Amino acid sequence: MAKKLMKGNEAIGEAAVAAGAINYFAYPITPQSEVAEYLCWRLPEVGGAFVQAESEVAVGNMLFGAASTGKRVFTTSSSPGISLMQEAISYIAGAHLPVVLVNIMRGGPGLGGILPAQSDYFQAVKGGGHGDYRLIVLAPSSVQEAVDIMILAFDLAEKYLTPVMIIGDGMIGQMMESVEFPEKYRKDNDPEKSDWALTGTEGRKARIIKSLFLDPQELEDNCILLDEKYKKIRENEVRYELYKVTDKNRILIIAYGTMARICQTAIDELESEGISVGLMRPISLYPFPEKEVYAEAVKGNIEKVLTIEMSTGQMVEDIRRCVMGKKPVEFFGHTGGIVPTPIEVKDKIKELLG
Amino acid sequence: MADALSVRYPSTSKRIIAIVGGFGSGKTEISVNLAKYLAATEKSIVSIIDLDLVNPYFRSREVVDELEALGIKMIAPRGGQSYADLPILLPEVKGALEQRDGRLILDIGGDAQGTKAFGSLTDTIDISDYEMLMVLNSRRPQTDNPDGCIKIMERIELSARLKFTGLIANSHMIDETDEAVVIEGYNLARKVGEATGLPLVFLSAKSDVLSGMDTSLLECPILPMTRSMLKPWEEKK
């Protein structure tokens, strides 16, 4: 198939179809609405359906119910909409169900604005809902990576029976880039073969999917089960990318999503000025590349670690936790939909190097 | 480079030029580049109307300062309203359409939905003095074949309540555009032209791609373009 030019939001919709996920529940919100617009005609073509819910609260609960059937289900939304889904996300995690959630982030807090932001890191990574649960959180930096990660997200959700959230700043949803899809379209998974999905009790014992455990021991057992699952995820699912990381780097930038691409431009230009800077781009924000951040940060020549985000500083708290005071960790960012420019990144680095 | 092609620049004497097409066809880049070209070559005042009420990012209003410095008048919401998640249609738009002089380029939103706002204004247009040009990009999933293009054109015409007067071949993959993509788009536009009877008014492409091509095979005017809708990691050269 020839490469096509697609808007991130459309490509995310097509990637779900490629992953065999044809059950979609959503409510439109800028800058994510094109996913729903695309899927409202695309899903019927492949025998699927888009249910536009009355609100994001309803979307969350529809996902909970639909995921119980073992079919691949997903939603897409933007920051305030994801806030409304948090109760259901906690239930879904507690009930060990696979669901894929996409947050095309806009500026907040509150109704905020519609321009790109990365200020939902805490919400995604630190648990936006209540209780002892985690999400697998993945952050693409290009439209192609959004497609690849979307397909991966369904696999991970089923492998670990857990909700997976993809967070992309508004740019990921709104920009157009060239993109390719896997040649072979996947068949939907078969719930009949699973040992947990609610497929009708004919010929077998009833299965129960719930997140309510009144007996404290039963509830603790469920929390321990979740915790063991998250331990396995931390051991096996760390993903990140390095760019121009060498022994000569004086600064290590850590940035995710499209922010990392802005940093790459700055790094290329600084290189031509004789200043060596490397970039680490976490792709999995949970599990966070903890050991890898530490290992890269403590390397000999690194004078400072610089975290750059479209927020007032959220991921930087995880960076400081991982670096454990071995190197100074600095922060630079913008909010409200203002995107840091390569020039600002360069200026910040020059300021840090004195 | 541009000089070598200049004899083949697009020419139309119509006052209103509406640039219409699917999402990602390149309407905004064409509108901005065409406005710059007309402003540089004509005495009349060139105005550009950002009528994209459906796309939240990458709209011609983002280059308002650059265009105004070239003497091009920009009609688009300003300040905070420029970023509002609201379909704002300024009263100046109708005024500009009703005027009788000056060139007017309309950068319309994508697809039939994006054309709706324009459709609410087309009864004020002098039907003897307009062009409505369909921008075709063969690398977009819905317009990679003549039938797909014609289907979307029919929907857009209904939404615009106005007939197309011509086609623009603008096949592109943004920075990954090469000669093969441009030629593929030219061939597609020719086929759509044969099926609809519409003329290929011009072909547009990035000037650096055009300069490396043998353009003598392209039997239509050519608009070389410089990208103005840049992503934050792409710096102006």
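**Close-up views of a predicted two-chain model**

**View 1. The interface of chain B and chain A.** Putting chain B and chain A together buries an area of about 2,500 Å², and carbon and sulfur atoms give 60% of this area. On the chain B side, the residues that lose the most area to chain A are B:Tyr57, B:Trp233 and B:Glu235, which together make up 31% of what that side buries. The structure shown here and in the views that follow is a predicted model. In this model, 25 residues of chain B are in contact with 31 residues of chain A.

**View 2. Salt bridges and polar contacts between chain B and chain A.** Three salt bridges are found across the interface of chain B and chain A, and 12 residue pairs are in polar contact there. The side of chain B that touches chain A is made up of 11 nonpolar, seven polar and seven charged residues. A salt bridge joins A:Lys3 to B:Glu176, with 3.4 Å between the closest N and O atoms.

**View 3. The fold of chain B.** Chain B contains eight helices and eight strands, and its C-alpha trace spans about 45 × 40 × 35 Å along the principal axes. Because a compact globule of 237 residues would have a radius of gyration near 18 Å, the 17 Å of chain B agrees with that expectation.

**View 4. The two domains of chain A.** Chain A is divided into domain 1, which covers residues 4-201 and 209-236, and domain 2, which covers residues 241-353. The centres of domain 1 and domain 2 of chain A, taken over C-alpha atoms, are separated by 28 Å. Where the two domains of chain A meet, 31 residues of domain 1 are in contact with 23 residues of domain 2, and the area buried between them is about 2,300 Å², with 55% given by carbon and sulfur atoms.

**View 5. Pairing between domain 1 and domain 2 of chain A.** Three salt bridges are counted between domain 1 and domain 2 of chain A, together with 16 residue pairs in polar contact. The side of domain 1 of chain A that touches domain 2 draws at least two residues from each of helix H6 (121-125), strand S6 (136-138), helix H7 (143-160), strand S7 (163-169), helix H8 (170-174) and helix H9 (216-236). By class, this side of domain 1 of chain A holds 20 nonpolar, four polar and seven charged residues. For a closer look at one pair, the side chains of A:Lys126 and A:Asp318 meet in a salt bridge, with 2.7 Å from N to O.

Methods:
Residues are numbered from 1 along each chain as its sequence is written. Chains are lettered from A and ligands numbered from 1 in the order in which they are written. This is a predicted model: local features need pLDDT of at least 70, side-chain atom pairs count only at pLDDT 80 or more; totals for chains, interfaces and linings use all residues. Side-chain values use heavy atoms; hydrogens and water are left out. Domain bounds come from an automatic or database domain assignment. Contact means heavy atoms within 4.5 Å. Buried area is the accessible area (1.4 Å probe) that two parts lose on being put together, summed over both. A salt bridge is a side-chain nitrogen of Lys or Arg within 4 Å of a carboxyl oxygen of Asp or Glu. A polar contact is a pair of N or O atoms within 3.5 Å; within protein, one must be able to donate a hydrogen and the other to accept it, and residues adjacent in sequence count only if both atoms are side-chain atoms. Helices (H or I, at least four residues) and strands (E, at least two) are DSSP runs, numbered from the N terminus. Ala, Val, Leu, Ile, Met, Phe, Trp, Tyr, Cys and Pro count as nonpolar, Asp, Glu, Lys and Arg as charged, and the others, Gly among them, as polar. The radius of gyration is taken over C-alpha atoms; the globule rule is 2.2 Å times the number of residues to the power 0.38.
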